[in-house]
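Student: I would like to learn how to read the packing in a model like this one. Please take one feature at a time.

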Amino acid sequence: MHTFIKSMTLREFFVGQVPALSLSILIAELFYKFHSFTLECLAFLATWYSIDLLMSWAFKAWSRSPMKVDQTVE
């Protein structure tokens with residue numbers, strides 16, 4: 001975990017990980033009631049990984065899409 005955090009810039013952490021982490025915590029608190037800390041922790045980590053993966057795919061797709069800067073209607 002320490003290596004993971006040190007490998008990111010502060011901006012990358014706040015833009016990429018904080019939203020995914022926050023959403024994962026919310027989902028875990030609302031839906032994961034396994035009565036086992038280990039199972040809930042693993043489910044939380046899997047959720048965080050999945051949300052982070054989906055967000056990174058979305059950012060890549062969004063950054064690759066052609067921007068239409070100026071479209072004037074005549």
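Tutor: Contact means heavy atoms within 4.5 Å. Leaving out residues up to four places away in sequence, Phe 44 touches Leu 21, Ser 24, Ile 25, Ala 28 and Tyr 32. This is a predicted model, where local features need pLDDT of at least 70, side-chain atom pairs count only at pLDDT 80 or more, and totals for chains, interfaces and linings use all residues. Residues are numbered from 1 along each chain as its sequence is written, and side-chain values use heavy atoms, without hydrogens and water.

Student: Which residues form the largest nonpolar core?

Tutor: A nonpolar core is a set of buried Ala, Val, Leu, Ile, Met, Phe, Trp, Tyr and Cys residues joined through side-chain atoms within 4.5 Å. Buried means under 20% relative accessible area, exposed over 50%, and partly exposed in between (1.4 Å probe, protein chains only). Here the largest core has eight residues: Ala 20, Ala 28, Tyr 32, Ala 43, Phe 44, Trp 48, Ile 51 and Met 55. Helices are DSSP runs (H or I, at least four residues), numbered from the N terminus.

Student: Is Thr 47 buried or exposed?

Tutor: Thr 47 counts as buried because its relative accessibility is 10%. Thr 47 lies in α3 and, neighbours within four places in sequence aside, is in contact with Ser 24, Ile 27 and Tyr 32. A polar atom of the Thr 47 side chain lies 2.7 Å from the backbone oxygen of Ala 43.

Note on methods: Helices (H or I, at least four residues) and strands (E, at least two) are DSSP runs, numbered from the N terminus. A polar contact is a pair of N or O atoms within 3.5 Å; within protein, one must be able to donate a hydrogen and the other to accept it, and residues adjacent in sequence count only if both atoms are side-chain atoms.
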